[in-house]
2 protein chains.
Amino acid sequence: MNAPLAPFRTRDAQPGLPCPLDALDTPCLLLDEAHMDGNIARLRTRLAVSGVAFRPHLKTAKSWEISRRLMASPHGPATVSTLREAEELAARGVTDITYAVGIAPQKLPRVLALRRRGVDLTVLLDSVAQARAVAAASDPADPIPALIELDCDGHRSGVQPGDSQLLLAIAHALKPSARLRGVLVHAGESYEARGEEALAAAAEGERAAAVEAARILRDAGWICPVVSVGSTPTAFSARSYEGVTEVRAGVFVFFDLVQAGIGICAVDDIAASVLTTVIGHQRDKGWAIVDAGWTALSCDRGTAGQAVDQGYGLVCDAGGHPVGDLVVRGVNQEHGVVAPRSGNPADLPDLPVGTRLRILPSHACATVTQFDRYHVIGAGGEEVTAVWPRLMGW
Amino acid sequence: MNAPLAPFRTRDAQPGLPCPLDALDTPCLLLDEAHMDGNIARLRTRLAVSGVAFRPHLKTAKSWEISRRLMASPHGPATVSTLREAEELAARGVTDITYAVGIAPQKLPRVLALRRRGVDLTVLLDSVAQARAVAAASDPADPIPALIELDCDGHRSGVQPGDSQLLLAIAHALKPSARLRGVLVHAGESYEARGEEALAAAAEGERAAAVEAARILRDAGWICPVVSVGSTPTAFSARSYEGVTEVRAGVFVFFDLVQAGIGICAVDDIAASVLTTVIGHQRDKGWAIVDAGWTALSCDRGTAGQAVDQGYGLVCDAGGHPVGDLVVRGVNQEHGVVAPRSGNPADLPDLPVGTRLRILPSHACATVTQFDRYHVIGAGGEEVTAVWPRLMGW
């Protein structure tokens with residue numbers, strides 16, 4: 001349900017493009033196009049070598065311009081985390097979409113509406129109750145395809161991969177009018193893995209879970225064409241995709257400090273950052289106060305449990321290069337507290353009021369969610385060459 | 001800088017109003033109108049008895065409909081945390097606004113534009129550099145008024161209240177063409193106070209800091225008409241407002257679990273909640289999975305350091321009454337993990353797939369920031385009677 005609202009907004013003027021970073025109001029979201037393109041190319045090349053298909057998760061970017069670069073074709077394939085994303089993509093001609101969050105029965109009318117528009121939308125489920133709801137909602141002439149979600153590591157949702165009783169009961173409950181399309185697994189615990197071997201083991205656990213469940217279903221006579229795996233850490237760590245038909249990943253498009261802490265990227269690969277302005281100091285504490293609080297950076301503290309705690313973000317100069325060894329150590333609604341990691345006030349460099357800084361995000365998905373647009377820094381690295389809208393809401 | 005964007009949105013149909021909660025897509029933000037009105041009346045009555053003026057902080061609500069209920073008149077007074085809020089309020093006729101975040105020199109053109117539209121917009125600063133920038137930007141025919149921010153408790157920004165040298169240097173730097181309007185303080189550390197006496201002491205510290213700085217300025221010959229204090233905990237705990245001209249507060253309009261933990265409100269007073277739907281279970285762990293993740297609830301863990309840790313929110317039934325003793329123990333982008341506080345899987349009540357729940361927010365400011373509209377539950381408590389847009393961005 002979305003209301004027809006008179007937009008509660010008045011400002012929408014901007015300097016012409018290209019424009020220098022100095023002309024931007026802060027806080028705002030920057031996207032380094034070259035870094036992003038490099039990240040996409042890296043995963044695309046890796047998967048091409050493995051011979052496995054890529055179904056990019058568009059939940060991180062939520063931008064048509066970025067989705068177009070991530071998808072193999074203008075029609076998909078794509079993974080989304082909300083029906084709103086699916087509806088936006090459908091409006092632009094994408095026809096192959098997996099909605100990778102467990103389906104609520106109340107959402108099936110929107111699923112049906114998308115399918116009637118010609119979108120091959122697949123839903124996800126892990127219970128007989130959901131399977132019955134999907135079967136009951138399906139049009140006999142157009143069965144809704146469903147993937148069974150698997151739990152390979154105790155992270156969140158999903159059927160245990162070896163639970164043949166539940167797998168077959170779900171398949172059976174779908175049968176009357178819906179359609180079993182396959183299995184899907186996400187190794188969410190791979191974010192906690194450290195070191196190449198642990199990451200490879202997480203990837204292998206993800207693969208093995210999917211392949212095992214598919215085998216159980218096939219042995220019982222079910223057709224199971226899709227065997228879908230994916231998370232950013234495992235996508236860059238898997239040594240085999242045997243039995244897997246597609247890989248999903250999302251945050252790699254921007255990368256972030258969490259992924260750098262896991263060892264999947266370098267800090268230099270991070271493509272998204274928040275431009276902010278110094279608005280004050282508490283010099284005896286070694287603090288510079290900036291105008292990026294949790295409304296801009298989010299409250300995500302994803303690196304808190306990692307070897308290097310990056311606070312609410314790592315501080316760079318306006319050119320995007322880390323400056324001093326500064327982190328955002330605290331956030332309020334519209335204030336960020338920048339301080340030396342050392343805790344020594346003498347280590348705070350001279351950052352006069354008005355200085356522009358860029359904050360690399362702890363968790364890019366959470367940070368970019370706070371913004372409705374990307375300011376794209378083009379090839380030269382110094383100017384905004386485009387502004388791309390970013391989808392919000394459900 | 002805000003770009004002229006073709007909105008990346010397609011859905012804006014809704015059932016007619018009033019509509020039952022069951023007709024809403026989830027997750028969505030609910031606002032209990034009767035609770036909100038009660039919270040507003042409570043603070044208004046308290047301040048009226050004290051004889052002190054109220055300048056509501058509109059940063060929590062960011063809604064014209066709610067702002068109108070908070071302000072004493074259609075023209076103000078108001079406090080905001082972004083210039084975007086000031087611009088929206090100005091477009092609706094509000095003329096008395098304090099922008100209560102330290103001013104960045106780059107934002108002064110927007111301040112001037114608002115003042116030229118007839119808005120008496122006051123800025124905040126705590127350094128000579130900012131004062132010089134404000135003086136340099138001021139139109140001699142229309143000096144920009146400024147408040148000096150004070151630090152009463154080491155929480156964030158501000159001049160030490162007894163630092164007469166810096167206070168007078170800032171006043172002097174403003175003099176050529178800007179205008180000293182007074183002092184402002186926010187006892188941010190009051191969120192850590194526990195018990196009536198500690199809260200009263202935080203309020204008295206806030207008051208004493210403001211009065212002391214005003215005295216120093218006045219003793220040196222400066223006119224200091226405004227002595228502004230405020231935070232939700234101190235607004236409900238102060239025993240004296242002697243020397244204070246106005247009180248600011250924001251989150252009290254909705255209240256939240258943090259404020260309940262401090263003891264400023266009851267859980268029953270909380271007016272904002274997130275409607276969500278059960279999409280799965282891990283029964284052996286005692287988990288129900290819901291479709292409200294951090295995109296809806298935020299990552300704020302404000303009660304983590306309190307006596308009662310409410311996780312990412314307290315779980316209520318669709319009517320808004322706490323159910324079992326369930327909290328949201330984990331969040332991913334679009335998933336929340338609901339579990340008994342006890343940790344005992346047997347304590348999870350029966351919550352079939354499709355069950356609607358309401359999550360009371362840990363920190364209401366952070367949770368409501370994730371949404372672009374309020375679904376207002378009218379007097380009966382069972383139907384949505386209005387949809388109010390909520391401002392996003394800067």
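Chain A is divided into domain 1 (19-29 + 265-389) and domain 2 (57-249), with bounds that come from an automatic or database domain assignment. The model is predicted: local features need pLDDT of at least 70 and side-chain atom pairs count only at pLDDT 80 or more, while totals for chains, interfaces and linings use all residues. Residues are numbered from 1 along each chain as its sequence is written, and chains are lettered from A and ligands numbered from 1 in the order in which they are written.

**Domains of chain A**

- The C-alpha centres of domain 1 of chain A and domain 2 of chain A are 35 Å apart.
- Contact between the two domains of chain A involves six residues of domain 1 and four residues of domain 2; two residues are in contact if their C-beta atoms, placed from the backbone, lie within 7 Å.
- On the domain 1 side that touches domain 2 of chain A, helix H11 (364-368) and strand E18 of chain A are the elements that give two or more residues.
- H11(A) gives the most to this side of domain 1, with three residues.
- By class, this side of domain 1 has six nonpolar, no polar and no charged residues; Ala, Val, Leu, Ile, Met, Phe, Trp, Tyr, Cys and Pro count as nonpolar, Asp, Glu, Lys and Arg as charged, and the others, Gly among them, as polar.

**Strand E17 of chain A**

- Helices (H or I, at least four residues) and strands (E, at least two) are DSSP runs, numbered from the N terminus.
- Strand E17 (residues 373-377) of chain A is largely enclosed by the rest of the structure, because five of its five residues are buried; a residue is buried if 20 or more other C-beta atoms, placed from the backbone, lie within 10 Å of its own.
- In a regular strand, side chains alternate between the two faces of the sheet.
- One side of E17(A) carries A:Arg373, A:His375 and A:Ile377, the other A:Tyr374 and A:Val376, and all are buried.

**Pairing of E17(A)**

- Strand E2 (residues 28-32) of chain A pairs with E17(A) in the parallel sense over three bridges; pairing requires at least two DSSP bridges between two strands.
- A:Val376 is the bridge partner of A:Leu31 and stands opposite A:Ala386 in E18(A).
- E17(A) and strand E18 (residues 383-389) of chain A run antiparallel, joined by five bridges.
- These two strands form a hairpin with five residues between them, and A:Gly381 in the turn has a positive phi of about 85°.

**B:Gly205**

- B:Gly205 belongs to helix H7 (residues 196-219) of chain B.
- B:Gly205 counts as buried because it has 20 C-beta neighbours inside 10 Å.
- Apart from neighbours within four places in sequence, B:Gly205 is in contact with B:Cys152, B:Asp153 and B:Ala187.

Conventions. A residue is buried if 20 or more other C-beta atoms lie within 10 Å of its own, exposed if 12 or fewer, and partly exposed in between; C-beta atoms are placed from the backbone.
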